[in-house]
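Subject: Structure handover

Hello,

Here is the structure I said I would pass on. Please look through it first, then read the notes below it.

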Amino acid sequence: MGALLLEGQILEVPGMLAASPVQLALDRAEHLLGQALGAHEAIPPTHVLAQTARLHRGLERLARRRMADGQWKRLRVVAGRVAVLRADAAFKQGNVAAARTLTAQGYAAGLAAGDGQLCGSAREVGAVAEFYDGRPDEALRLARDGQRHVTGGPVRARLVCQEARALAGLGDVQGAARALDHAYDLADEIPPDRWGRPGPSFDEFNPVEVAYNATTALCLLGRPRAAEEHAELALPKLDGVDAPGFRSVIRLDLSLALARAGRLELERVCSLASEAIQISWGRTVASVSGRADQVLAATRVHSEVPEVRELATLVREWQRSASEQRPGNSPSGAVLAAGGPGLPARALPDVNG
């Protein structure tokens, strides 16, 4: 219901922001962005793209008005955060090129506003997209570059998690282990009132994400037993929150690692993967879909087993259902609709200009 209300509110965003006093318009934009952040893990990424595209158009119209320097800075930060959330949704929809463009916009807005948290968050989402696109070297570069802008806190913890996964993707066992230890230390320093829910955020970090990323890293390094120890910490906590993407990916990571280890646990492989798909039914996300394809490829040699064939059918039905997840008034690819990419550093006037 909350997602439906949010969709209705954002339908009128461009006109609403344009008609409001600047200070009130900025308050409303920040409120709507907060609602979108709160809902993005529970609704399909196509809906998030449509919502944030409308919010971006409203901010572009607001940027044509005269305002004080402090309001310009605030506008840049809001627009940069919208770009980063759009990038996350674009990546989840499988559009890595758009995600790259949008994270670059968010990063540029952070630089222009002198906001290190925004710069770091843009790099973190960019690193996630590159990691799942099979470019751990670029994910590592972005994760480390982002750490230049934040000395500690939630955003740095997120970046160190991405550093660990990228190092694991590159086969660096010791480097990944050191980064994971550092991530656990950083998570211990974050007070409970800043834990939030798993997923993109600019000022919160849930410690469960360290165990989640550790599971992925150890699976990549071919250590499913060690991965399961971290998964035992993560799964109960992830299952207690509304984060279907995280709940699905961690199961598919374990499933894939076990499948690559041999046939002895084929039944558990299929059970974990089937659970993952059922959790994300109605919300197809590229990272989950890609992992599911990898599980199918790893189990294809055992296609004579009924559970393997049933899993393949389930995955394909889920992937086909993606076409039903688009908002009725938004075409696929809404991330680049109306006004182009709309990066804050270009679309919004310079603070001193």
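**What helix 11 packs against**

The buried residues of helix 11 pack against helix 7, helix 9, helix 10 (173-188), helix 12 (224-239), helix 13 and helix 15. Buried means under 20% relative accessible area, exposed means over 50%, and partly exposed lies in between, with a 1.4 Å probe and protein chains only. Contact means heavy atoms within 4.5 Å. Helices are DSSP runs of H or I with at least four residues, strands are runs of E with at least two, and both are numbered from the N terminus.

Before going on, a word on the source. This is a predicted model, in which local features need pLDDT of at least 70 and side-chain atom pairs count only at pLDDT 80 or more, while totals for chains, interfaces and linings use all residues. Residues are numbered from 1 along each chain as its sequence is written, and side-chain values use heavy atoms, with hydrogens and water left out.

**The chain as a whole**

The chain has 17 helices and zero strands. It holds 353 residues, and 56% of them count as buried. Take the contacts between residues at least 6 apart in sequence: 72% of these join residues at least 24 apart.

**More on helix 11**

How many of the 13 residues of helix 11 are buried? Twelve are, so helix 11 is largely enclosed by the rest of the structure. Among the buried ones are Val208, Glu209, Tyr212, Asn213, Leu218 and Cys219. Helix 11 covers residues 208-220 and reaches 19 Å from its first C-alpha to its last, close to the 18 Å expected at 1.5 Å a residue. The expected span is 1.5 Å times one less than the number of residues. Just after helix 11, Gly222 has a positive phi of about 75 degrees.

Leu233 has its place in helix 12. Leaving out residues up to four places away in sequence, Leu233 touches Tyr184 and Ala211. Leu233 is also 18 residues from Thr215 in sequence, and their C-alpha atoms are 9.8 Å apart in space.

**Helix 7 and helix 9**

Helix 7 (residues 116-132) and helix 9 (residues 153-169) have axes that come within 9 Å and cross at roughly 25 degrees. That makes helix 7 roughly parallel to helix 9. Axes here are lines fitted to C-alpha atoms, for helices over the stretch in contact, and angles run from 0 to 180 degrees between N-to-C directions. Angles under 35 degrees count as roughly parallel, over 145 as roughly antiparallel, 65 to 115 as roughly perpendicular, and the rest as oblique.

The residues that meet include Gln117, Arg123, Glu124 and Phe131 in helix 7, and Val155, Arg158 and Gln162 in helix 9. By class, this contact has seven nonpolar, four polar and four charged residues. Nonpolar covers Ala, Val, Leu, Ile, Met, Phe, Trp, Tyr, Cys and Pro; charged covers Asp, Glu, Lys and Arg; the others, Gly among them, are polar.

Asp145 lies in helix 8 (residues 136-146). At 15% relative accessibility, Asp145 counts as buried. Setting aside neighbours within four places in sequence, Asp145 is in contact with Tyr107 and Arg123.

Helix 13 and helix 15 pack at an angle of about 20 degrees, with axes 9 Å apart. Helix 13 is therefore roughly parallel to helix 15. Its contact with helix 15 divides into eight nonpolar, six polar and three charged residues. Among those that meet are Leu252, Asp253 and Leu256 in helix 13, and Val288, Arg291 and Val295 in helix 15.

Gly262 is in the loop between helix 13 and helix 14. With a relative accessible area of 30%, Gly262 is partly exposed. Gly262 and Thr299 are 37 residues apart along the chain, and 9.5 Å separates their C-alpha atoms.

In helix 14, the buried residues include Leu266, Val269, Cys270 and Ile277. What do the buried residues of helix 14 pack against? They pack against helix 13 (244-261), helix 15 (286-299) and helix 16 (306-320).

Regards
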